[in-house]
Amino acid sequence: SDVYKRQVLEWEEARDFDSFYDDDLATVSVIDVDAGTTNVIYTTANESVVNWIPRLVDLPASTAGHTVHIEFRYQELGSTGAGFAGWYIDNVAVREQ
């Protein structure tokens with residue numbers, strides 16, 4: 001019998017966001033090239049994390065067997081110019097579980 005194995009996206013992140021003005025946003029999207037769709041699978045805003053922390057997020061089941069692009073996007077929505085460093089990403093992997 002076939003047992004469905006879920007696809008997960010793993011990475012480590014550290015963030016230096018402006019938590020006072022609520023104007024930093026980070027998202028991870030899965031772009032399904034075959035279906036022409038985009039799904040946001042992770043969003044975080046306005047919280048700094050100085051140490052590396054692991055993240056694990058399920059990929060949409062609809063993308064199984066498709067060509068996908070993973071997009072990590074950081075947006076500074078305000079213009080405070082306060083010198084926050086932003087979003088650091090490392091050790092990105094797609095795995096079956």
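## Basis of the values

The model is predicted, so local features need pLDDT of at least 70 and side-chain atom pairs count only at pLDDT 80 or more, while totals for chains, interfaces and linings use all residues. Residues are numbered from 1 along each chain as its sequence is written, and side-chain values use heavy atoms, with hydrogens and water left out.

Strands are DSSP runs (E, at least two residues) numbered from the N terminus.

## Aromatic pairs

The whole structure holds 3 aromatic pairs. Rings of Phe, Tyr and Trp (its six-membered ring) pair if their centres lie within 6.5 Å; planes under 30 degrees apart count as stacked, over 60 as edge-to-face and the rest as tilted. Trp11 and Tyr42 form an edge-to-face pair, at 5.1 Å centre to centre and 80° between the planes. Trp11 belongs to strand 1 and Tyr42 to strand 3, 31 residues apart. Both residues are buried (under 20% relative accessible area; exposed is over 50%, partly exposed in between, with a 1.4 Å probe and protein chains only).

The rings of Phe72 and Trp87 form a tilted pair, because their centres are 5.9 Å apart and their planes lie at 55°. This pair links strand 5 to strand 6 (residues 86–96), across 15 residues. Trp87 is buried at 13% relative accessible area, whereas Phe72 is partly exposed at 26%. Ring pairs join Trp11, Tyr42, Phe72 and Trp87 into a cluster.

Beyond four places in sequence, Phe72 contacts Leu9, Trp11, Thr27, Val28, Trp87, Ile89 and Val92.

Thr63 lies in the loop between strand 4 (49–58) and strand 5 (68–76). Thr63 counts as buried because its relative accessibility is 7%. Its side chain reaches the backbone oxygen of Pro60 at 2.7 Å. Apart from neighbours within four places in sequence, Thr63 is in contact with Val30, Asp32 and Val68.

Definitions and conventions:
Helices (H or I, at least four residues) and strands (E, at least two) are DSSP runs, numbered from the N terminus. A polar contact is a pair of N or O atoms within 3.5 Å; within protein, one must be able to donate a hydrogen and the other to accept it, and residues adjacent in sequence count only if both atoms are side-chain atoms. Contact means heavy atoms within 4.5 Å.
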